[in-house]
Each structure stands twice: as C-alpha cells, then as structure tokens.
Amino acid sequence: MKSLFLPALRAGLLAATLAAAPAALWAQPQHGIAMYGEPALPADFKSLPQVNAQAPKGGRIAIGESGGFDSMNPYILKGRAPWGVQTLVYETLMGRNYDEPFTLYGLLAETVETDPDRTWVEFTLRPEAKFSDGSPVTVEDVIWSYETVGTEGSPRYTGSWSQVKSIEKTGPRSLKITFAEKNRELALLMGLRPVLKKAQWEGRDFTQSSLDIPIGSGPYTVGEFEPGRYIEFKRNEDYWGKDVPFMQGQANFDIVRYDYFGDGGVVFEAFKAGVIDTYREFNEAKWESSYDFPRVTSGEIVKSEIPHQRPSGIEGFVMNTRKDKFKDWRVRDALIHAFNFEFINETLNGGKKPRITSYYSNSVLSMDHGPAEGAVRALLTPYEDSLLPGAIEGYDLPVSDGSEANRRNIRKALKLFEQAGWTIQDGVMKNADGTPFTFTILLQQGASEGRSIATIYIEALKRLGIAAKLEVIDSAQFKERTTDYDFDMTYYWRGLSLSPGSEQMLYWGSDGVDTPGTRNWMGMSSPAAEAMIDRMLNATDRQAFLAATKALDRILTTGRYVIPIWFRDISTIAHIKELKFPDKIPMYGDWLGFQPDVWWYEKG
C-alpha cells in the first residue's frame with residue numbers, strides 16, 4: 001500500500017503547487033498575444049504575411065483631407081490633430097496583424113507575458129528602442145504615458161485605464177500592469193496605447209491643445225506644416241525599428257504629405273488636377289461614371305478595388321435620445337420607415353449598394369434576422385422585459401417598393417407616430433399640446449454624400465407633416481458639437497471589426513449618456529447591451545464570443561437608434577500609377593485602403 005500511496009501523494013502535492021503558483025510556473029514571455037488561442041506567426045517570423053518585405057524605400061505620397069487641424073496632440077478632446085501624428089510619429093508596445101482577427105506582435109516591446117486568466121500583463125522593451133531625438137525609450141516613459149493618457153486623455157483611453165489596478169516597473173526594461181476587473185481583452189489593449197517622451201511634457205499641461213512638434217519613436221518625424229492647410233511627415237533615416245520583423249515592408253515613403261481642403265468635393269477636384277496622388281471613392285455611381293478625366297484615360301491614374309471581410313459597421317443618421325423627441329422607440333421606428341432607402345440608393349448609386357441590415361452585417365458576427373435561438377436566446381431571455389420588439393422575435397428593416405411616394409411605409413410611420421402621441425394637425429405633425437415635431441440634421445462641411453441623402457430624406461418627411469432642417473458647420477464646430485452631444489440628428493459612422501472588445505463600452509455604454517466625448521452619440525443606456533459586452537470580453541472560447549456578439553447586434557439594431565444606409569464590401573481607390581500595394585489581401589482587406597502603411601512608390 002505504501003508504494004501506491006506515496007506516488008499519489010506526490011502527484012497531489014504537485015497539482016496543489018501548480019494551482020497555487022501558476023504565474024511563476026507557466027507564464028512565459030512570448031513574441032505575440034492573441035485574443036483566442038495562439039498567434040498564427042512563429043516567434044522567428046520575418047515579416048507580416050500581407051506586406052511586401054522587399055518594397056523599395058523612397059518617393060512621396062500626397063493625400064487629401066477635408067477640414068483642417070489645429071493641434072499636434074491626438075490623445076485629448078481639445079483640438080484636431082493630423083491623423084499621421086498618431087500613426088506615423090508615435091508607436092505602441094505591440095502592433096496588430098490585420099490578417100488575424102485580433103493578434104498583436106512585438107513592436108516597442110520585445111516580449112509580452114500574461115497568465116491564463118489575464119489578470120495581469122508584463123511587457124519587456126526592446127533594448128534598441130529609441131525616440132527620434134536619439135534618446136532611449138524607457139520604462140519610465142511608458143508608465144508616464146499610460147498614466148497620463150489614461151487619466152487626462154480622451155475617453156477612448158480613460159475607459160480602459162479605469163480597469164487598471166496598478167502599473168509598476170519590474171526590471172530595467174520591463175513593466176507589469178495588474179487589472180482591477182475581469183476583462184480578457186485588457187492584456188491586448190495595454191499593448192496598443194501610445195508611448196510618449198516623458199521629458200518633452202515636463203512643466204506642460206497635457207490637456208491643452210498645442211502645435212509643438214512631438215517627439216515620438218515612430219518611423220516618421222513632423223516636417224513642414226501650415227495649420228489647416230498641409231503637413232509633411234519625413235521618414236527618419238535613423239529609425240530605430242527598421243530591422244524589427246513587424247515593421248518590414250512598412251513606412252516606405254520618404255515623404256507623406258496631407259493637404260487639407262474645405263470639403264470632399266474640393267478634395268476630388270484637387271486629385272483630378274494632380275495636387276494629390278490618391279483618392280478613396282465611397283460613391284458607387286461616381287466610381288462608375290466620374291473617372292473619365294484625362295489623368296485616368298492617359299493611364300497616369302489607375303483604379304484599384306480591394307475586397308474585405310470585415311463587418312459593415314453602422315453608418316447613417318443617428319438620433320440623439322437625450323432629446324425628448326427621440327426617447328420613444330416608436331418615433332425612431334417611424335423615422336426609419338420614412339427613410340426611403342430603395343429610392344435613395346437608386347437615385348444616388350444606381351441601386352448598386354447593399355444596405356446595412358445590422359451593426360455586424362456582412363460578417364459571421366451578424367444577427368440572424370429570424371427568432372433568436374440557442375445560446376443567443378439564452379443570453380437575451382433574462383433581459384426580455386427591457387428589450388424592444390424584434391430583439392428576440394426577429395427583426396428586419398422596412399423595405400419600400402422603390403417609388404418616391406413610399407406609401408406603405410409612410411402609412412406605417414403615421415401609425416407609429418400616432419401610438420407615440422403625435423398626429424397630423426392642419427398639415428403639421430404635432431403632439432396633444434400642439435407642439436410641432438421638428439428637428440435639425442447636423443452635418444460637417446465636406447460631407448457631400450451625407451448632404452445628398454439628407455436632402456432627399458427631408459423632402460420625404462414632408463409627407464408626415466415634418467419640417468426638418470439641415471445645418472452644415474465646419475469641422476472644428478462639428479467636433480465640438482458632437483463631443484457635447486449638441487445635436488438632434490447627425491451623420492454617424494462606426495467601423496466595427498471581427499474582434500470587438502472594450503471599445504464597445506465606449507460606443508454603447510451608459511456612461512456615454514452624460515460623459516462628453518464618447519462614441520455613444522445616440523445616448524443609449526441598456527443593461528442588456530452592457531451585459532453582452534461583458535460576456536464578449538470574458539468569453540474563453542470562440543462560440544461563447546460569437547453568441548454574445550450576435551446577441552449584442554440584436555439589441556443595437558432593434559434599439560432603432562440609427563437610420564442605416566449602405567456599405568461596401570470593397571474599397572475603391574484611384575491613385576497615380578507609381579503607387580503600389582501588396583498582392584496578398586489580408587482578412588481586413590480594407591486595411592490596404594488606408595494609406596500609406598504598406599504602400600510604396602515605384603517608377604516604371
């Protein structure tokens with residue numbers, strides 16, 4: 001008996017030891033981290049699979065933008081910074097591979113380490129990492145950046161930082177972040193925060209907008225610029241990360257220039273005239289009919305189409321439910337019925353663009369439009385009393401017969417308004433007190449497509465006795481107004497990925513009802529939605545994640561907060577023939593459409 005008892009005892013003691021001290025025994029530094037499972041690329045990978053690692057360096061690219069800029073700090077609410085500051089000048093500890101759902105590989109960080117429950121994450125910096133002024137990137141820089149951006153930055157960063165318990169230096173090149181809440185995505189999110197040079201900010205107020213030239217560790221530095229007109233980013237010949245595997249085939253242009261114009265129409269004219277080198281077209285009809293100008297017919301400009309597999313996201317007109325007029329879901333439903341998608345799509349796009357049918361349509365994350373079943377139904381059932389019609393039973397957007405009159409849906413809209421206490425009195429939609437139902441659609445200058453859609457919609461609303469107005473303001477005013485949720489209805493776009501996570505709380509969380517600067521422009525407050533987000537964040541397998549996301553999609557779509565328009569499953573980009581991009585299309589093919597990342601300049 002003794003010979004049998006001792007081995008069993010030893011096995012039991014070993015199991016107890018493993019359970020008691022897991023982090024010390026099996027947490028190991030890794031080259032990357034995935035949301036589910038293991039990274040697809042091995043530790044000795046040479047480059048990302050979707051880049052051209054032999055892409056030549058040199059040349060320039062000029063990109064057009066509508067609006068302007070008045071700041072060099074992209075991490076605060078005040079001011080508007082050029083996009084290139086955060087993508088070209090600053091870097092993060094880890095970089096994302098867009099050929100996988102959500103996987104990160106080392107950039108500034110040499111390794112990442114975490115426990116199976118992801119209650120903490122530890123990063124070790126690369127010894128060669130340096131800022132553009134030649135000074136080393138230190139653990140102190142990282143800790144200061146994380147704490148400062150996390151407490152004084154925009155809600156995009158403060159939200160996830162509020163879930164951090166502590167950050168501490170654990171070695172000359174390493175730091176550890178411990179989490180206060182259960183959220184498996186946090187270990188990845190902490191690898192995607194910007195690292196700034198602490199010394200540059202000493203004695204300065206981080207929350208104040210400034211045009212001081214930033215010192216980052218990225219492959220580019222800020223060159224010449226004139227606020228609101230143009231900015232150039234110069235490739236740093238002494239860039240520390242030129243040999244890092246993640247950066248192979250990236251940062252190929254010597255000069256990346258952004259020119260700013262009053263609106264999207266002017267940007268297109270600048271492209272036709274040769275002022276800028278590339279133009280991303282979002283209008284299907286225009287792509288088919290407006291690219292016959294001389295630079296195209298001569299071959300100087302080529303048209304590229306890049307497919308993708310990402311969700312449609314949500315785009316259209318969002319209703320601000322902080323306003324009393326939009327609090328009743330039946331009013332919102334009525335306004336959705338009044339939106340004649342089929343007629344508008346035919347008028348503007350020749351009927352070619354597919355409609356966004358839910359927030360995650362065009363992907364495996366999309367809701368099934370029939371009754372909820374299985375795990376999805378089980379997740380929704382506890383919240384059944386608070387869910388709007390269709391969330392469990394099934395829901396589809398209204399479809400018109402394509403005629404301008406849209407009579408069937410207008411009749412339905414009238415009934416919905418009547419149920420909500422609004423009727424047409426003397427040709428005007430009014431409530432029992434005689435107050436007319438009116439609202440204003442707020443648009444930013446340059447939103448030419450949004451303006452065309454809104455103009456047709458406003459005309460259709462007259463059939464309901466509603467006199468809606470259109471207000472167009474400049475980009476600075478638009479940012480201020482939307483940051484403070486000072487609008488009735490406005491044009492709204494939220495790109496969504498195949499790996500939704502903590503950002504969903506920033507998009508749809510109830511804190512956004514009163515907290516300025518979140519992306520919850522509709523002002524929704526839904527315990528059911530927040531519960532689904534929590535389920536997503538803590539799912540330990542793909543099936544549980546899919547069920548939670550599909551359930552969230554049902555809640556958002558049937559909330560009737562946004563009047564959705566269309567989406568495109570390809571990116572259409574016209575550009576000078578010297579601009580090239582890789583042959584391999586990644587899972588997020590649309591990523592190739594966001595220049596200049598992996599593009600390059602090549603003569604001949």
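Trainee: In this predicted model, which residue of β9 is the bridge partner of Val-164?

Mentor: The partner of Val-164 is Phe-179, which lies in β9. As a general idea, strands of a sheet pair through backbone hydrogen bonds, and the pairing may be parallel or antiparallel. Here β8 and β9 (residues 174-179) run antiparallel and are joined by six bridges.

Trainee: What is the order of the strands in the open sheet?

Mentor: The order of this four-stranded open sheet is β6-β7-β9-β8, and its pairing is antiparallel. At the edges stand β6 (109-114) and β8 (164-171), each of which pairs on one side only. On average, and with direction ignored, neighbouring strands of this sheet are turned by 20 degrees against each other.

Trainee: Which helix packs on the sheet, and which strands does the helix touch?

Mentor: That is α4 (residues 139-152), which touches β7 (120-125), β8 and β9, and whose direction makes about 170 degrees with that of β8.

Trainee: What volume does the second largest cavity have, and which residues line the cavity?

Mentor: Its volume is about 60 Å³, and the residues that line the second largest cavity include Met-72, Tyr-90, Trp-201, Arg-204 and Asp-212. By class, this lining has five nonpolar, three polar and two charged residues.

Key. Residues are numbered from 1 along each chain as its sequence is written. This is a predicted model: local features need pLDDT of at least 70, side-chain atom pairs count only at pLDDT 80 or more; totals for chains, interfaces and linings use all residues. Side-chain values use heavy atoms; hydrogens and water are left out. On a 1 Å grid over the protein atoms alone, a cavity is a set of points where a 1.4 Å probe fits but cannot get out, and a pocket is an open set with protein on both sides within 12 Å along at least five of seven lines; lining residues have an atom within 4 Å of a point. Grid points are joined across faces, edges and corners, and a volume is the space filled by probe spheres set on the points. Ala, Val, Leu, Ile, Met, Phe, Trp, Tyr, Cys and Pro count as nonpolar, Asp, Glu, Lys and Arg as charged, and the others, Gly among them, as polar. Two strands pair if DSSP finds at least two bridges between them. Helices (H or I, at least four residues) and strands (E, at least two) are DSSP runs, numbered from the N terminus. Axes are lines fitted to C-alpha atoms, for helices over the stretch in contact, and angles run from 0 to 180 degrees between N-to-C directions. Contact means heavy atoms within 4.5 Å.
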